[in-house]
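Subject: Structure handover

Hi,

Here is the structure I promised to pass on. Please open it alongside this note.

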Amino acid sequence: MAIWILWRVGRKIADKIASNKKGRELEGSIDYSKLTYDLPQYNSFATQLYNAMKGGGTNWEVVGEVFGKMETRSDVLMLKKAYGVKDG
């Protein structure tokens, strides 16, 4: 049991490190001058997506609404970065 707990904790740490690395890689490709919204709005969109997809089903209407608001490639990348830090 103790081995499993140590493995699980180690796995969570490794996942967090990988997530942070991906976030830094994405940040380099985001053109901040082409963002449609202010930065907190992307966190709000990410929360809406998370809530729409958690649990047993997906609320596709909300997913479509959020992605319908993404006007540029940088918008999508920023949304992906914001969503990537959500804990499940």
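Below is what I found, from the whole chain down to single residues.

**Ground rules**

This is a predicted model, so local features need pLDDT of at least 70 and side-chain atom pairs count only at pLDDT 80 or more, while totals for chains, interfaces and linings use all residues. Residues are numbered from 1 along each chain as its sequence is written, and side-chain values use heavy atoms, with hydrogens and water left out.

**The chain overall**

The protein chain has four helices and zero strands. Helices here are DSSP runs of H or I with at least four residues, strands are runs of E with at least two, and numbering starts at the N terminus. Along the sequence the pattern reads α-α-α-α.

The protein chain has 88 residues, and 22% of them count as buried. Buried means under 20% relative accessible area, exposed means over 50%, and partly exposed lies in between (1.4 Å probe, protein chains only). The accessible surface is about 6,400 Å², with 58% of it belonging to carbon and sulfur atoms. Areas come from the Shrake-Rupley method with a 1.4 Å probe, and for residues only the protein chains shown count as cover.

Contact means heavy atoms within 4.5 Å. Among contacts with a separation of 6 or more, 72% join residues 24 or more positions apart.

**Helix packing**

Two packed helices are described by the angle between their axes and the distance between the axes. Axes are lines fitted to C-alpha atoms, for helices over the stretch in contact, and angles run from 0 to 180 degrees between N-to-C directions.

Take H2 (residues 39–53) and H3 (residues 60–68) to begin with. Their axes come within 9 Å and cross at roughly 160°. That makes H2 roughly antiparallel to H3, a label for angles over 145 degrees. On the H2 side, Phe-45, Gln-48, Leu-49, Ala-52 and Met-53 make the contact. On the H3 side, Val-62, Val-63, Val-66 and Phe-67 do. The H2–H3 crossing is left-handed: the near helix is turned anticlockwise from the far one by less than a right angle, whereas clockwise would be right-handed.

H2 also packs with H4, at about 65° with axes 8 Å apart. The H2–H4 crossing is right-handed. The H2 residues there include Leu-39, Tyr-42, Phe-45 and Leu-49. Their partners in H4 are Asp-75, Met-78, Leu-79, Ala-82 and Tyr-83.

**Ser-74**

Ser-74 sits in helix H4 (residues 73–84). Is Ser-74 buried or exposed? Ser-74 counts as buried, because its relative accessibility is 7%. The Ser-74 side chain reaches the backbone nitrogen of Asp-31 at 2.9 Å. Neighbours within four places in sequence aside, Ser-74 contacts Ile-30, Asp-31, Lys-34 and Leu-35.

**Loop residues**

Glu-71 lies in the loop between H3 and H4. Glu-71 is exposed, at 60% relative accessible area. Not counting residues up to four places away in sequence, Glu-71 touches Thr-36 and Tyr-37.

Lys-69 is also placed in the loop between H3 and H4. Lys-69 is partly exposed, at 37%. With neighbours within four places left aside, Lys-69 contacts Tyr-37, Phe-45 and Asp-75.

Tyr-32 belongs to the loop between H1 (2–29) and H2. Tyr-32 is partly exposed, with a relative accessible area of 37%. Tyr-32 and Asp-75 are 43 residues apart in sequence but 8.9 Å apart in space, C-alpha to C-alpha.

Best wishes

Key. A polar contact is a pair of N or O atoms within 3.5 Å; within protein, one must be able to donate a hydrogen and the other to accept it, and residues adjacent in sequence count only if both atoms are side-chain atoms. Angles under 35 degrees count as roughly parallel, over 145 as roughly antiparallel, 65 to 115 as roughly perpendicular and the rest as oblique.
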